[in-house]
Amino acid sequence: MPAVLAGLQSAGAAAVDVGLSTTPAMFYGIIAPGSSVNGSIMLTASHMPMHNNGLKFFTAEGGLGKPDIAAILETAAAKCEAAAVPLGDAILDAAYVLQQAVTTPATPSSWPLLSKYAEHLREMIVSGIKHPQSPDKPLTGLKIAVDAGNGSGGFLATQVLEPLGADVSGSQFLEPDGTFPNHIPNPENKAAMKAAVHAVNTSGADLGI
């Protein structure tokens, strides 16, 4: 990611480092009230195995599609060719990128985007439920088990559900760990679903996420 930030700044863009985030949060960062962000880039394997890391690109219209990505790659290839950078050799390509990042390191500003997004989600839930007795804690009395699969979604339990009154004590695998020691954070993965169901059953939760 330092190389991406350095590249953005070298092209004249104002780079902002938001740290750990989620896909919806990266999009929200563009459209959030008062945001001055024009686009965002996320380094992630999404719900795939950890070695499938790549870059996700977002604009106010949503995520970039295959034609957009192809255009970016073609532009990058043309610039590399103009700079006499060998293409197709992973080691040489990586060496060039790292050299550029070290030579012109980025000095991005920082923005706690995930906290801002969590605040947005809490506000949506409060305004959506309109609980007559507990307007600020509308989830009071509910036990919700969150299985984040050691991805970036653990904040949902600690920064969204729990502050709204939910009991999240049955949650598991909330700490981010890119090696995914328990199961990959993919809701279509059978092992992931089995683990989530087990968390709900053993904790007596009303709901599992």
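In what sense do β3 and β4 pair, and over how many bridges? In this predicted model, the pairing of β3 with β4 is antiparallel and runs over 2 bridges. Zooming in on that pairing, Phe58 has Gly63, in β4, as its bridge partner. In general, the strands of a sheet pair through backbone hydrogen bonds, and they can do so in a parallel or an antiparallel way.

The two strands belong to an open sheet of 3 strands, ordered β2-β3-β4 with antiparallel pairing. At the edges sit β2 (40-44) and β4 (62-63), each of which pairs on one side only.

Together with Met1 and Leu43, Leu55 makes a nonpolar surface patch of about 240 Å².

Now for the inside. Nonpolar side chains of soluble globular proteins tend to be buried together. Here, the largest nonpolar core has 23 residues, and Phe155 and Leu161 are the ones with the most contacts inside it. Three helices, α2 (23-31), α5 (113-129) and α6 (155-161), each supply at least two residues of this core.

As for Leu161, leaving aside residues up to four places away in sequence, it touches Leu139, Ile144, Val146, Leu156, Ala166, Val168 and Ile209.

Definitions and conventions
Residues numbered from 1 in each chain as written. Predicted model: local features only at pLDDT ≥ 70, side-chain atom pairs only at ≥ 80, totals over all residues. Heavy atoms only, no water. Patch = residues over 30% accessible without salt bridge, like charges linked within 9 Å, V, L, I, M, F, W, Y side chains within 5 Å. Areas by Shrake-Rupley, 256 points an atom, 1.4 Å probe, with all protein chains shown as cover. Salt bridge = Lys/Arg side-chain N within 4 Å of Asp/Glu carboxyl O. Core = buried A, V, L, I, M, F, W, Y, C linked by side-chain atoms within 4.5 Å. Buried < 20%, exposed > 50% of the residue type's maximum accessible area, 1.4 Å probe, protein only. Helix = DSSP H or I, 4+ residues; strand = E, 2+ residues; numbered from the N terminus. Contact = heavy atoms within 4.5 Å. Pairing = 2+ DSSP bridges.
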